Amino acid sequence: MLIIPVKEGENIDRALKRFKRKFDRTGTMRQLRKRQQFTKPSVERRQQVQKAQYIQGLRDQEEI
């Protein structure tokens with residue numbers, strides 16, 4: 001549970017902004033979205049390999 005102390009006379013918008021920033025740092029939404037759909041470990045590895053190949057291809061093109 002996130003607790004954001006609101007100081008005396010502090011603008012509510014500023015406190016809300018601090019809450020949103022703190023909430024983003026916890027990674028709760030990313031974790032929730034990831035858990036919504038299960039992907040097999042073999043599929044995850046294949047996606048990582050494809051991403052690595054793509055990035056390596058971009059780096060190779062930069063060198064030329």
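Predicted model: local features only at pLDDT ≥ 70, side-chain atom pairs only at ≥ 80, totals over all residues.
## Helix α1 and its ends

Helix α1 covers residues 12-26, which makes 15 residues, and the distance from its first C-alpha to its last is 21 Å, close to the 21 Å expected at 1.5 Å a residue. At the start of this helix, a side-chain oxygen of Asn-11 comes to within 3.3 Å of the backbone nitrogen of Asp-13. At the other end, just after α1, Gly-27 has a positive phi of about 80°.

## A pair of aromatic rings

A pair of aromatic rings is described by the distance of the centres and the angle of the planes. The model has one aromatic pair. The ring centres of Phe-19 and Phe-23 lie 6.1 Å apart and their planes stand at 20°, so this pair is stacked, because planes under 30 degrees apart count as stacked.

Phe-19 and Phe-23 are separated by about one helical turn, because they are four residues apart in helix α1. In general, an α-helix has 3.6 residues a turn, so residues three or four places apart point the same way. Phe-19 is partly exposed, with a relative accessible area of 33%, and Phe-23 also counts as partly exposed, at 26% relative accessibility.

## A nonpolar patch on the surface

Tyr-54, Ile-55 and Leu-58 make a nonpolar surface patch of about 280 Å². Of these residues, Tyr-54 has its place in helix α3, which covers residues 41-63. Tyr-54 has a relative accessible area of 56% and is therefore exposed, since the word exposed is used for values over 50%.

Terms used: Residues numbered from 1 in each chain as written. Heavy atoms only, no water. Patch = residues over 30% accessible without salt bridge, like charges linked within 9 Å, V, L, I, M, F, W, Y side chains within 5 Å. Areas by Shrake-Rupley, 256 points an atom, 1.4 Å probe, with all protein chains shown as cover. Salt bridge = Lys/Arg side-chain N within 4 Å of Asp/Glu carboxyl O. Helix = DSSP H or I, 4+ residues; strand = E, 2+ residues; numbered from the N terminus. Buried < 20%, exposed > 50% of the residue type's maximum accessible area, 1.4 Å probe, protein only. Expected span 1.5 Å × (residues − 1). Polar contact = N/O pair within 3.5 Å; in protein donor to acceptor, adjacent residues only side chain to side chain. Phe/Tyr/Trp six-rings, centres within 6.5 Å; stacked < 30°, edge-to-face > 60°.
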